[in-house]
Every structure is written in C-alpha cells, then in structure tokens.
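Let's take a quick tour of a protein chain. Have a look at it first, and then we'll go through it topic by topic.

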Amino acid sequence: MKTINEVLDNYDEYRTFLEDRFGRRFCEFLTEEQIKTIGFKLREGAEHTPLQWTFENIISQLKDDAEFGLEKANSERGISSSLMYDVCKSWCKIIDREDLIVEYNNYGTETFENILEYIKELKGE
C-alpha cells in the first residue's frame, strides 16, 4: 500500500477528471495543510479531523465508492459511473491492486464487481 506521502508527492497520478472526486474523498485523510497542497480547502469554520491512513479505512472508502459506482452503472448513468470508475482506479492504485481494474466498458460494471468481490474475500464472506 502506498503511504500518504507517496500519494501527496505524486498527486497528479491520482487526480481525477471533472471536479476531482477522488481528491474530495482523499481529503478526508489529510490535515488542513495537506489539503491545501492538492488544491482543496476546508469550508470556513468547518472542523476537520483526518481519518487514519489505514488499509481498513481505505478499503471502507473503496467499498462505498464501488457500491455507488455499481449502482450508477446498473442505472446506465454514464457520466456518474465513469467518474466513480476513475475514483476506484485511484484507490486501487493506492492499495496496489490495479489488477482489479479492467478497461472501461458496460459502465464499469466489471471493475466495480471485481472490487466488491475482492473486499468480500478480504472479509471472509
């Protein structure tokens, strides 16, 4: 798994197109100073306590994103599913599981299913 500093130092490799939806999620793990380094900022007056950069927390976020992506894929929501495909691709790169990502087709369904199956196996389900 990549360290948080590896991701920060190479952020352009993870940044996603159109409003950087990956970055919004990644910010949950960052300090306010780190958030600024990737071009985001906290809302004025917002309190922020970063999540711990652990495999479990990243997998939890990846699961949420893959489920959301699959929901959009099943509804044939092309833009939404494509954006979530890119977000999941960035998380998979962080956990060194790029093998779960297949070429985007059919709204990314196969990739979302690969990720969710991998997570089930991790949890022994």
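Here is a short briefing on what you can see above.

This is a predicted model, so local features need pLDDT of at least 70 and side-chain atom pairs count only at pLDDT 80 or more, while totals for chains, interfaces and linings use all residues. Residues are numbered from 1 along each chain as its sequence is written, and side-chain values use heavy atoms, with hydrogens and water left out.

**Overall build**

- You'll find six helices and zero strands here; both are DSSP runs, with at least four residues (H or I) for a helix and at least two (E) for a strand, numbered from the N terminus.
- Reading along the sequence gives you α-α-α-α-α-α.
- The C-alpha trace spans about 40 × 30 × 25 Å along its principal axes.
- The radius of gyration is 14 Å, which agrees with the value near 14 Å that a compact globule of 125 residues would have. That rule is 2.2 Å times the number of residues to the power 0.38, and the radius is taken over C-alpha atoms.
- Of contacts (heavy atoms within 4.5 Å) between residues at least 6 apart in sequence, 56% join residues at least 24 apart.

**Inside the chain**

- Buried residues make up 40% of the 125; buried means under 20% relative accessible area, exposed over 50%, and partly exposed in between, using a 1.4 Å probe and protein chains only.
- The largest nonpolar core has 34 residues. Such a core is a set of buried Ala, Val, Leu, Ile, Met, Phe, Trp, Tyr and Cys residues joined through side-chain atoms within 4.5 Å.
- Two or more core residues come from each of helix H1 (4-9), helix H2 (21-26), helix H4 (55-74), helix H5 (78-94) and helix H6 (109-122), and H5 gives the largest share, seven residues.
- Phe26, Trp53, Leu62, Trp91 and Ile115 have the most contacts inside the core.
- Leaving out residues up to four places away in sequence, Phe26 touches Ile4, Val7, Leu8, Tyr11, Ile38, Trp53 and Trp91.
- In soluble globular proteins, nonpolar side chains tend to be buried together.

**A look at Pro50**

- Pro50 sits in the loop between helix H3 (32-37) and H4.
- Why does Pro50 count as partly exposed? Its relative accessibility is 34%.
- Beyond its neighbours within four places in sequence, Pro50 is in contact with Glu28, Phe29, Leu30 and Thr31.
- Pro50 and Phe26 are 24 residues apart along the chain, and their C-alpha atoms are separated by 9.8 Å.
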